[in-house]
Amino acid sequence: MMAVHSVANPNDGFPQLLRSDPARALGMLRVQALAGDSASQLALGQMHLEGIGCERNGAEARYWFQHAAHQGDAMAMNMLGRCLENGWGGAIDHELAAVWYREAATHGSDWGMYNFAHVLANGRGVKADRAAAFLWFSRAAEQGHGRAMHFLGQYYEHGWETEPDAERASELYRCSAEKGDYRGQCSWASVLTEQGRIDEACALLRRVLAAAPAYFAEALRDDLGRSRHPELRALAVVAPV
């Protein structure tokens, strides 16, 4: 949605039009996209992907992301990679997804950096390279990417491609949590628990249980049910608030 709002100057009324009449906003973007404006192409792709002002259409989204990507738009490069990785609007192609993530990363997209690091870490579409993944997670974290901060924290916690540094890991988890990343919030809650700050950990974990994807919340409840702390075990059975 940020991509959609960033197309036009916030003072020109477009954000308000997007809220009040998304179908009309879509039509305006299409005119600009057809004229070759890459920001409009990116936003049009996002609207088709999310079904804003139209039915969801992965193929149409991929089409516009591709046009903007070939014009050098870093976020469009990343979104094209996402389409290719997840099969949105066409066939899955992990190798080509990695190519576009790398392009997005080298063009300065923090999401591109994160996604490229992720495929490097897992060897999906590219040869696994944990050292290179560490580098790209670091670069994304430097740009304030909350999810990258969490994964970088794991590298420091476990000593992957770097010396173990529990203090650095904890700081990254804290920053990730403050950015709203639910994985980072869980890791920071673990640090709080180790420090004896159980009430703070419980409050944070309640927010995670309320906001995280169902599969993650279910796994978290399983883990909490095995905790030695009764306050944490209680979260496994009490509905999130």
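Guide: Set aside neighbours within four places in sequence, and Thr 193 is in contact with Ile 198, Ala 201, His 229 and Leu 232. The model is predicted. Thr 193 sits in helix H12.

Visitor: Is Thr 193 buried or exposed?

Guide: Buried means under 20% relative accessible area. Thr 193 has 15%, so Thr 193 is buried.

Visitor: Now the space between atoms. How is empty space found?

Guide: A probe the size of a water molecule is rolled over the atoms, and this shows where empty space is left. Take the second largest pocket here: about 280 Å³ of space lies in it.

Visitor: Which elements give two or more residues to the lining of the second largest pocket?

Guide: Helix H12 (182-194) and helix H14 (214-225) do. The lining has 14 residues. Cys 186, Ser 190, Leu 220, Asp 223 and Leu 224 lie nearest the pocket's centre.

Visitor: How do the residues of that lining divide?

Guide: Eight are nonpolar, four polar and two charged.

Visitor: On to the cores. Which residues touch the most other members of the largest nonpolar core?

Guide: That core has 62 residues, and Phe 65, Phe 137, Leu 205 and Leu 224 touch the most other members. Leu 224 is also among the residues nearest the centre of the second largest pocket.

Visitor: What does Leu 205 touch?

Guide: Leave out residues up to four places away in sequence. Leu 205 then touches Cys 186, Ala 189, Leu 220, Leu 224, Leu 232 and Leu 235. A second, separate core has twelve residues, including Leu 18, Ala 25, Leu 29 and Leu 44.

Methods:
Residues numbered from 1 in each chain as written. Predicted model: local features only at pLDDT ≥ 70, side-chain atom pairs only at ≥ 80, totals over all residues. Heavy atoms only, no water. 1 Å grid on protein atoms, 1.4 Å probe; cavity = no way out; pocket = protein on both sides within 12 Å on 5 of 7 lines; lining within 4 Å. Points joined across faces, edges and corners; volume = space filled by probe spheres on them. Helix = DSSP H or I, 4+ residues; strand = E, 2+ residues; numbered from the N terminus. Nonpolar A, V, L, I, M, F, W, Y, C, P; charged D, E, K, R; others polar. Buried < 20%, exposed > 50% of the residue type's maximum accessible area, 1.4 Å probe, protein only. Contact = heavy atoms within 4.5 Å. Core = buried A, V, L, I, M, F, W, Y, C linked by side-chain atoms within 4.5 Å.
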